[in-house]
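Visitor: I am new to this structure. Please take me through one part of it closely.

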Amino acid sequence: MKILFIGGGNIANIVYSELEDHIEKCWYYDVVQTNLPCERINNFTVPNEADVVVECASVEAVKQYGLDILKSGKDFYIISSGAFSDEDFFDRFMAELKNSDSTVYIPSGAIGGLDIIYSIRNFIERVEIITRKPTKAFGLEDTVQEQTIFTGNAREAIAKFPQNTNVSVTLSLAVGDFNKVNVRIVADPNVDRNIHEINIYSSVGEYKIIHKNKPSPNPKTSYLAPLSLAAALKKRTEKFRIGG
């Protein structure tokens, strides 16, 4: 597999370590030099020989380079799904995708259960996601009691916490309606994990899924998020696939 990474930091390094045996060649584009063991590209371009482009950077990076990646025709894996909370960008992205040879993949990130949600999306009445993280993930180290710092929808959440709430946008995309998903964010000095509780209410059934994720070296990112991205990429090489 020949991969162009957008971003060469924490997430890219974890993905690389998981895929090392599958990578034939790799490049990365980042505004700074990093320790990712791939060739650095100083000016953004998609190498002709690349098989896939893997975004490991930010919402802003998806918005800045996403349309050019679609024009390259390369398959595109996106971890910063929060970019699609911007309705104007989403519309332009989808219009470009219709005429592109690219296929776009949004990994499940720091949550599971998207297979359930996608299967019953036409029957869903509402969904709640409660994200609870250590206070340092929000720069609130002096907080001594748990504090709800946000309640609203995913579009509002990603605008305020662009590095902490991509999961709420991924969830809303799976549901197919941002207005059906209520988001609550809690800063909690008593936890050392990134916890996501998802409650799904539908005419098919009710589901509760709780994730207690250990953080990656970057406390804003659960370790599960880059692992889910690596797993999605590994599926490209598998002929026997299980689940969604």
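Guide: Start at Tyr 29, which stands opposite Ile 41 in β3. The model is predicted. Three bridges join strand β2 (residues 25-29) to β3, and the two run parallel. Both belong to an open sheet of six strands, paired in parallel and ordered β3-β2-β1-β4-β5-β6. β3 (39-41) and β6 (104-105) are at the edges with a single partner strand each, so one side of each has no neighbour in the sheet.

Now turn to the rings. A pair of aromatic rings is described by the distance of the centres and the angle of the planes. The count here is eleven aromatic pairs. In one of them, the ring centres of Tyr 29 and Tyr 65 lie 5.4 Å apart. Their planes meet at 80 degrees, over the 60 that edge-to-face requires, so this pair is edge-to-face. The pair links distant parts of the chain. Tyr 29 is in strand β2, and Tyr 65 is in helix α2 (residues 59-72), 36 residues apart. Buried means under 20% relative accessible area. Tyr 29 has 13% relative accessibility, so it counts as buried. Tyr 65 has 11%, so Tyr 65 is buried too.

Another pair is formed by Phe 84 and Phe 90. This one is edge-to-face, with 5.9 Å centre to centre and 80 degrees between the planes. Phe 84 is buried, at a relative accessible area of 3%. Phe 90, at 29%, is partly exposed.

How values were computed
Residues numbered from 1 in each chain as written. Predicted model: local features only at pLDDT ≥ 70, side-chain atom pairs only at ≥ 80, totals over all residues. Heavy atoms only, no water. Pairing = 2+ DSSP bridges. Helix = DSSP H or I, 4+ residues; strand = E, 2+ residues; numbered from the N terminus. Phe/Tyr/Trp six-rings, centres within 6.5 Å; stacked < 30°, edge-to-face > 60°. Buried < 20%, exposed > 50% of the residue type's maximum accessible area, 1.4 Å probe, protein only.
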